[in-house]
Amino acid sequence: MVAIDQQDRARKGPILQLKSISKRYGGVQALSDVSIQVHAGEILCLVGENGAGKSTLAAIAAGLVSSDSGQIFIDGEEVVLNSPRAAEIAGIRLTSQELQLCPELDVMTNVLLGHYPRKKIPFLVDYASMKRKAEERLASLGLEDIDLFQNVGEMPVVYRAFVQIARSLTPGAKVLITDEPTAPMSDIEATRLMKLLKTICDQGVGIIFVSHRLDEVLNIADRVVVLRDGKLVDEMNKNEGNKERIVSSMLGHSSVDSVRTSSTISANSEIAMKVENLTTSNGIFDTNLTLKFGEILGVYGIAGSGRDSLGMTLFGSNKPTSGKIIVGGDELKLGSIKSTMDMGIGYVPAERRAQGLLLERSIKENITLAFLRKLSKWGLIQAKSENVSGQLWADNLSIKTENIENTVLSLSGGNQQKVLLSRWLLTGCRILILDDPTRGVDIGSKLEIYELLQKLAHKERVAVLVISSDIEEVLKISDRIEVMRNGKITLSKTNPTQQEVARAAYLEEAS
Amino acid sequence: MSRRSKKQLKSEGAKKKIDIGSILRSQGLLLMLIMMIIFFRFQSPEYFLTFDNAITILVGATALGIMASAQTPLIISGGIDVSVGSVVALTTVMVGKLLATGMASWLVVLLAILIGTSIGLLNGFIVVQLGVNPFITTLGTMSFFSGLSFILSAGQTVSIRDPFFDWFLYSKVLKIPVLVIIVVFVIALAYFVERKTVVGRNIFAIGGNREAARLSGISTKMLPLGLYMVSSLSAAIAGVVLVSQLGSASPQLGTSYLLSVVTAVILGGTSLAGGRGSVAGTAIAVGILATLSNGFAQMQLPSYGQTTALGAALIIAVLVDQTSSKMKNK
């Protein structure tokens with residue numbers, strides 16, 4: 001059957017073809033001479049580091065940005081996509097990273113947003129046929145379990161992505177472009193989304209899928225296109241693709257694995273933090289945990305496992321209902337960020353933009369934010385020491401900017417994450433808690449962050465707690481691993497296999 | 001081209017554009033003020049550009065300047081206080097009432113200011129601790145306390161003849177009235193706090209990203225609470241200034257400040273969404289408002305024309321601001 005599909009494709013030719021596309025932004029050549037094509041019923045994956053040109057290419061195909069040169073063909077006919085409307089008429093649908101939904105409206109309204117069926121009387125919406133249409137749309141995608149009348153804002157992120165995709169697939173859709181839909185999702189959620197994309201693809205829609213997660217890509221792609229610095233550097237069919245090849249194309253050099261420094265913790269390494277019988281109102285039950293100086297402790301869990309609450313609670317963001325946290329022999333005052341910081345604990349939150357950065361302020365101000373009091377006298381900021389500290393840490397973590405007075409918004413995701421790391425390194429914290437430190441970060445920066453964390457733990461003897469939704473990340477960098485499920489620790493082990501971790505995260509009940 | 005040199009180019013480009021944008025923003029406002037001064041200079045060639053008139057303009061701007069300087073950090077922090085007009089009204093009415101009892105005037109002023117400031121404590125408590133939207137909170141207290149001022153005064157205007165208030169109005173240091181010195185000092189103080197202190201930086205952090213500020217150990221409750229109190233304190237001081245300027249106390253005094261304080265702050269380039277703004281911009285905006293009212297008076301135009309011109313100026317200024325930040329983002 002697959003063979004027939006492929007013959008079919010070859011005969012029909014691509015449904016969407018971008019030919020020799022170039023685009024320049026100021027001094028930066030965002031795309032140069034890139035050609036891609038996608039057939040009906042095919043999934044094309046676009047991969048590349050941040051700034052490789054993936055999003056620009058997607059935006060050009062969706063009519064959001066016009067290219068400097070190149071041609072676009074739909075079903076073999078040349079078209080001009082100079083507006084989103086033109087692209088929509090041509091059958092192209094884009095769902096972008098930021099969810100474009102109305103959170104206060106229900107699923108039904110969101111699915112048909114802007115295309116409400118009308119009654120014969122002017123201005124009146126025909127709710128009965130609206131409900132029917134929305135039901136049909138969801139059913140055709142195998143999403144019957146979604147409640148039509150639930151407000152979108154109350155739904156888990158994966159369902160919101162479903163609704164957004166359902167909404168974009170209006171009649172006449174030929175190509176669906178999704179720009180990193182899985183970035184904020186856990187593995188299990190991403191798997192569900194992959195399934196949905198397969199369903200859509202089987203209905204004869206061509207899909208262009210942009211993602212950072214290579215497992216996903218290899219799992220779902222019919223073809224993979226790798227971009228680097230605005231150029232198409234590699235293209236491979238499903239059976240030719242492997243991670244090593246994709247990564248080396250993305251980076252321009254091989255070697256996937258960072259150098260794994262070995263830890264030197266022993267049974268009598270000093271205990272940095274001891275958590276006893278911690279229970280909170282936001283999803284942690286009777287949890288015990290020990291974190292030692294000089295180690296990286298990885299905590300893995302799927303969304304809703306309590307992993308996010310754990311980081312926030314240990315940092316004193318909310319008050320547990322019971323339990324103890326002991327740091328350096330003293331009991332920590334619970335639910336107070338200030339006393340937690342005074343004990344030398346730092347915290348890098350999961351949502352870089354929403355919880356971490358002051359986007360409009362400078363790199364320097366973002367680095368010194370948590371330490372400003374110490375860089376001041378009588379409440380006056382000592383400009384010189386602030387500049388020196390800011391520059392020092394920007395250099396230490398090789399944050400790529402030529403001036404630390406530039407806004408943090410001008411940095412790539414990976415460099416923004418390094419700004420957050422340096423915010424806490426500057427404070428000299430001895431215990432560092434990180435929640436999903438490489439979420440939405442390109443591979444190059446990811447490796448840099450891993451190396452940095454290992455250096456911190458193994459050389460500087462900092463106690464590092466990494467909470468993560470990425471199973472490979474946890475396996476790769478942790479000295480010890482704890483797995484959470486339903487608010488409890490289900491596995492605590494030094495060198496578990498991937499299967500053990502996955503089992504504990506998805507299946508096991510805590511005893 | 002290597003990746004690194006590309007990045008450099010990118011950030012250079014971004015830097016240039018930011019500069020154009022910020023020049024357009026800050027200097028645009030200054031340009032507006034200068035053009036206005038030139039315009040009125042030709043309308044009133046013999047008087048407008050004199051030292052005396054400059055002092056008159058500044059004295060006229062005292063109350064607004066004091067309140068706008070305190071409102072600016074509050075709005076940058078993501079709050080707003082529209083109740084300042086009612087604090088002015090309540091303060092002046094209290095001054096009238098207390099003076100009538102024969103109390104010493106310094107004590108009267110102190111008490112009136114304390115009462116005014118306590119309204120800020122109330123505003124801050126409702127917003128910060130009870131979590132009510134700041135606009136709704138201060139709209140409510142505005143209505144409550146302006147009503148209360150009318151009840152207390154029975155709607156009467158009381159004329160005030162008191163040596164303290166006369167001193168306040170007429171005394172000068174090196175030919176410069178005390179009132180002008182006060183407003184310049186307040187603006188300078190607000191500017192200094194904004195630019196040089198940890199508190200100033202934290203105000204921007206809270207307004208820019210409250211959660212990020214909280215997770216960096218910044219108190220996101222005490223600081224806003226303090227800002228509401230400072231805002232009310234500034235309104236109470238403005239009330240005392242107005243009593244001395246007008247020689248009377250009336251519950252109607254505050255009504256004209258209902259929106260003009262917020263208008264001045266927004267005109268000065270501060271974002272209602274929080275996280276962005278400056279006291280310097282506010283100071284220029286206050287200058288524009290004061291010059292406008294002085295010029296209109298000299299041209300003997302109706303004061304309604306003033307509000308019309310002001311409304312147009314506000315929208316144009318915000319448009320320029322948005323256009324330039326769009327340019328920056330492109």
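## Contact between domains 1 and 3

In chain A, 12 residues of domain 1 are in contact with 13 residues of domain 3; two residues are in contact if their C-beta atoms, placed from the backbone, lie within 7 Å. Helix H7 (187-202) and helix H9 (243-251) of chain A each contribute at least two residues to the side of domain 1 that touches domain 3. Helices (H or I, at least four residues) and strands (E, at least two) are DSSP runs, numbered from the N terminus.

The assignment for chain A comprises domain 1 (1-91 + 172-251), domain 2 (97-171) and domain 3 (271-506); such bounds come from an automatic or database domain assignment. The C-alpha centres of domain 1 and domain 3 of chain A are 34 Å apart.

## Basis of the model

The model is predicted: local features need pLDDT of at least 70, side-chain atom pairs count only at pLDDT 80 or more, and totals for chains, interfaces and linings use all residues. Residues are numbered from 1 along each chain as its sequence is written, while chains are lettered from A and ligands numbered from 1 in the order in which they are written.

## An open sheet

In chain A, 6 strands form an open sheet of mixed pairing, in the order S16-S19-S20-S13-S21-S22; two strands pair if DSSP finds at least two bridges between them. Strand S16 (345-348) and strand S22 (488-493) of chain A stand at the edges with a single partner strand each, so one side of each has no neighbour in the sheet.

Strands S13 (residues 296-300) and S21 (residues 480-485) of chain A run parallel and are joined by 4 bridges. Val299(A) has Glu482(A) as its bridge partner in S21(A).
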